[in-house]
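Good morning, and thank you for joining this meeting.

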Amino acid sequence: MVRHSHDVIRHTSDTVVKTMIKGLKAALGAVAVGLLAGTSLAHAQSADDELVKKGAYVARLGDCVACHTALHGQVYAGGLSIQTPIGTIYSTNITPDPTHGIGTYTFKEFDEAVRHGVRKDGSTLYPAMPYPSFARMTQDDMKALYAYFMHGVKPVAQPNKPAGISWPLSMRWPLSIWRSVFAPAPKDFTPAPGTDADIARGEYLVTGPGHCGACHTPRGFGMQEKALDASGGADFLSGGAPIDNWIAPSLRNDPVLGLGRWSEDDIYQFLKSGRIDHSAVFGGMADVVGWSTQYFTDSDLRAMAKYLKALPPVPPARGDYKYDASTAQALDSNNTSGMPGAKEYVEQCAICHRNDGGGVARMFPPLAGNPVVVSENPTSVAHIIVAGAVLPPTNWAPSAVAMPGYKNVLSDQQIADVVNFIRTSWGNKAPANVTAADIQKLRVDHAPISTYSWGFGGNDTATWGVFHPQPYGAGWTFAPQTHTGEDEAQ
């Protein structure tokens, strides 16, 4: 009986030990699984964070924030005023707010809006949204962009402003026809076989997310960009119409009107800091540098520069530029007789831009040989004299430099004379055709200087037709508000 008890005890002990070992194995297994699951979860979280981070950079490439943030407004909450010939529209709230923003958008619906130009409700977006350029963005960039807006942007419960366009022009169904005619079918960008890798990257940035052609390419009668890439010929990036009273100049190799005398490094430095020895950013491009390109990687900036300099050459519209010292000599000798505007220039402008029109490197741009000064349309140079401008601070050039406006200092006639003087001095060869009436309209009505006629015409005389004058240049375009110099909070 004693031995039997011992057997029972031994059997019970064996069972307990086996059970304990089994339980220990299960526990260790659970711990191992938990550790593996934790590792997998951490990896997934890291991957999500990386995707959001990439999306934040893609948003910089597309400069989404500048248009989708109102003056003095909250980031991405919309409300920026965009003037069009048929009325005012406002940028929309693209924060992940579920009521007023895009918080309920699926990726497919997000992609439809960005690359196809179709809203969640199925209606077509106004082409102030540059979806014809975004149509070539890659799916990888789109997925990152979606992740950023859904998980990296703070939701803002701000209602969208209704468009100030009267019926019947407010109807959206005609926009679907425009989209089918002028907008390309979305397709991931693929460079031509054999294209240099840097040039291919630059082409993607310029023609895709960067949507440079939206401002720098002239528009046709249907408001469409006349070319979306270099295959469109000399029109591509050949200069746009007035936007918020600033002219986007040519980015082609023209030595007078374009970038013909710029090096790749000039373009790189300009996009990075907003200023180089012979040029400084202004107007709408100040927003682009301040909000977008200064944040690009060096490799992306150099790729864009390399692509722009590699574009097929275009015939120079005005030959080459040659400096003429006679203006400087006359001003140095105080001989301003017979030169309307020269006296005002010496008194008000020469302190910064000098008698020789050379300016001060990286602060006050030269006027001699400046493509903006001699552009076909004089609105830019007239507007900067009337209203002034600010050279925005950047991470790489933190000083802000301002030019005062002269609308309350000089008369309309004096400003017109100064504009014409600048456009015809130091070897500049532009028409001296700005009048006091032009300046009055610019100063009082904020209307760009018109160089266009009634009826139909070519690039420089295109209009809507005989029933309405063309107020925004070759074809017509949108004029968004610019933040620089207006919105100190930004």
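This is a predicted model: local features need pLDDT of at least 70, side-chain atom pairs count only at pLDDT 80 or more; totals for chains, interfaces and linings use all residues.

Cys-352 is found in helix 14, which covers residues 350-353.

Is Cys-352 buried or partly exposed? Its relative accessibility is 22%, so Cys-352 counts as partly exposed, given that buried means under 20%.

His-353 is also found in helix 14. With a relative accessible area of 11%, His-353 is buried, because that value falls under 20%. Which residues does His-353 touch, again not counting those up to four places away in sequence? They are Tyr-345, Gly-358, Gly-359, Phe-364, Pro-365 and Leu-367.

In an unreviewed UniProt entry, the annotation "binding site" covers Cys-349, Cys-352 and His-353.

Let me turn to another buried residue. Leu-442 lies in helix 17, residues 436-444. Its relative accessible area is 3%, and Leu-442 is therefore buried. Apart from residues up to four places away in sequence, Leu-442 touches Asn-245, Ala-382, His-383, Val-386, Ala-447 and Pro-448. Consider Val-386 in particular: Leu-442 and Val-386 are 56 residues apart along the chain, yet their C-alpha atoms are separated by 8.0 Å.

We now move to the surface. Where is a nonpolar patch formed? Trp-173, Ile-177, Val-181 and Phe-182 form one on the surface, and together they have about 410 Å² of accessible area. Ile-177 belongs to helix 6, which spans residues 173-182. Why does Ile-177 count as partly exposed? Its relative accessible area is 45%, and partly exposed refers to values between the limits of 20% for buried and 50% for exposed.

Finally, I come to the strands. Strand 1, residues 81-84, pairs with strand 2, residues 87-90, in the antiparallel sense, and there are 4 bridges between them.

Thank you for your attention.

Note on methods: Residues are numbered from 1 along each chain as its sequence is written. Side-chain values use heavy atoms; hydrogens and water are left out. Patches are made of residues with over 30% relative accessible area and no salt bridge: like charges are joined within 9 Å, nonpolar side chains (Val, Leu, Ile, Met, Phe, Trp, Tyr) within 5 Å. Accessible areas come from the Shrake-Rupley method with a 1.4 Å probe; for residues, only the protein chains shown count as cover. A salt bridge is a side-chain nitrogen of Lys or Arg within 4 Å of a carboxyl oxygen of Asp or Glu. Helices (H or I, at least four residues) and strands (E, at least two) are DSSP runs, numbered from the N terminus. Buried means under 20% relative accessible area, exposed over 50%, partly exposed in between (1.4 Å probe, protein chains only). UniProt positions are given in the numbering used here, feature names are shortened, and annotations may be inferred rather than shown by experiment. Contact means heavy atoms within 4.5 Å. Two strands pair if DSSP finds at least two bridges between them.
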